[in-house]
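Open the model in your viewer and keep the sequence panel beside it. This tour goes from stop to stop: select, look, move on.

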Amino acid sequence: MKKIGIAVTDPSDWTAAALRNAIKHFGMEPVSFRLSRATSNIASGKMHADNIDLTSLDAVIVRDMGPATRGDAAFRFDLLCHLEELGIRVINPPESIAKAANKHASSFLFQKNGILTPRTVATSDPDEALSVLSSFGGAVVKPVFGYKGIGVERLKNDGSGARRLKELLDKDGMVYLQEFIPNPGRDIRVFVVDNKIAGSIYRIAPAGGWINNLSQGGFSKPCLLTEEQKSLGLKASEAIGTVYAGVDIIEGDRDYVIEINGTPSGKGIFEACGVDVTRDIAEYLCRSINR
Ligand SMILES: Nc1ncnc2c1ncn2[C@@H]1O[C@H](COP(=O)(O)OP(=O)(O)O)[C@@H](O)[C@H]1O
Ligand SMILES: [Mg+2]
């Protein structure tokens, strides 16, 4: 029986549990491990985590990379790349997880591939940052490696915005600034698996809010995509190279892709629509390793 590693932080998380069930459903054996417990022994070539010999796995699904500092993030990424070098299928491919996690890198790739995305500037230059704040008429600022809406702020084009910009530049050495897209108080999360649309939800911010992440109190509702929105989801996934992804779209004067998540949760779409994206992921994996 094929042994499929699942890299998790919390084994009881909905998506981790659903992935285990989906893997069993397709006749494979799930084995959960934490990248935060990984060891790589260079001389022996052994790699293990939570007493699991990672080199003995047939494939790995990365549910999440786990909270990390700069050093251990690089270690976890390298470890996944080394497993790939040994011929072990890793999904998402670590390169794509890295590109998706990095908002500057993904914005660049959206633009390069003709995917409509809000005007965005990343800069380490304080004068440049101020001039962008003014030209955008205020801005949304986001941590370049952020997730779950944490640290996403709206800055006004005034003294308070300028002071906050300076604080962020002093703290992080750079800022990622984006124009705010006026929208109907919701965004769209499109799930793409194996270059096909697996489902989609609206995410609606709590009253008075504008950050629609479910982990920030937003709730989900079923969503029917337009052809344009389907195409944006597919193109974004292809540009980043993900096997499965959650693509965030905001409906402004036009539809804009704001970001892509390479380790998305499947819980919101299951609760809103009964669509279990982990089935699509496990089915894809089963097909691709038995090929
Ligand atoms: N440019 C923008 N204009 C309007 N709302 C935005 C913009 N960027 C982000 N948001 C809101 O903030 C949320 C979080 O931003 P996002 O870029 O998806 O970061 P995260 O990785 O933290 O989810 C989005 O889901 C959306 O609701
Ligand atoms: Mg998001």
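**Stop 1: a glycine to start**

Select Gly71: at 48% relative accessibility it counts as partly exposed. Buried means under 20% relative accessible area, exposed over 50%, and partly exposed lies in between, with a 1.4 Å probe and protein chains only. This is a predicted model, in which local features need pLDDT of at least 70, side-chain atom pairs count only at pLDDT 80 or more, and totals for chains, interfaces and linings use all residues. Residues are numbered from 1 along each chain as its sequence is written, chains are lettered from A and ligands numbered from 1 in the order in which they are written, and side-chain values use heavy atoms, with hydrogens and water left out.

Gly71 lies in helix α2, residues 70-85. Helices (H or I, at least four residues) and strands (E, at least two) are DSSP runs, numbered from the N terminus.

**Stop 2: the parallel sheet**

Show β2, β1, β6 and β7, in that order: they form an open sheet of 4 strands with parallel pairing. Two strands pair if DSSP finds at least two bridges between them. Look at the edges. β2 (29-33) and β7 (89-91) each have a single partner strand, so one side of each is left without a neighbour in the sheet. From one strand to the next, the twist averages 20°.

Go to β1 and β6, which are joined by 4 bridges and run parallel. Ile4 has Ala59 of β6 as its bridge partner. Contact means heavy atoms within 4.5 Å. Axes are lines fitted to C-alpha atoms, for helices over the stretch in contact, and angles run from 0 to 180 degrees between N-to-C directions.

**Stop 3: the nonpolar cores**

Select Ile4, Ile23, Ile61, Ile91, Ile281 and Leu285. These have the most contacts inside the largest nonpolar core, which has 25 residues. Such a core is a set of buried Ala, Val, Leu, Ile, Met, Phe, Trp, Tyr and Cys residues joined through side-chain atoms within 4.5 Å. Its largest share, 7 residues, comes from α9. Domain 1 (3-91) and domain 2 (99-116 + 182-276) both give residues to this core, so it lies between them. The domain bounds come from an automatic or database domain assignment.

Centre on Ile91. Leaving out residues up to four places away in sequence, Ile91 touches Val60, Ile61, Val62, Val243, Tyr244, Ile281, Tyr284 and Leu285. A second, separate core has 20 residues, including Ala100, Ala236, Ile240 and Ala245.

**Stop 4**

Select β15. 8 of its 8 residues are buried, so β15 is largely enclosed by the rest of the structure. β12 pairs with β15 in the antiparallel sense over 6 bridges. There, Val193 has Tyr244 as its bridge partner. β15 also forms a hairpin with β16, with 3 residues between them.

Asp248 and Glu259 are both buried. Asp248 stands opposite Glu259 in β16.
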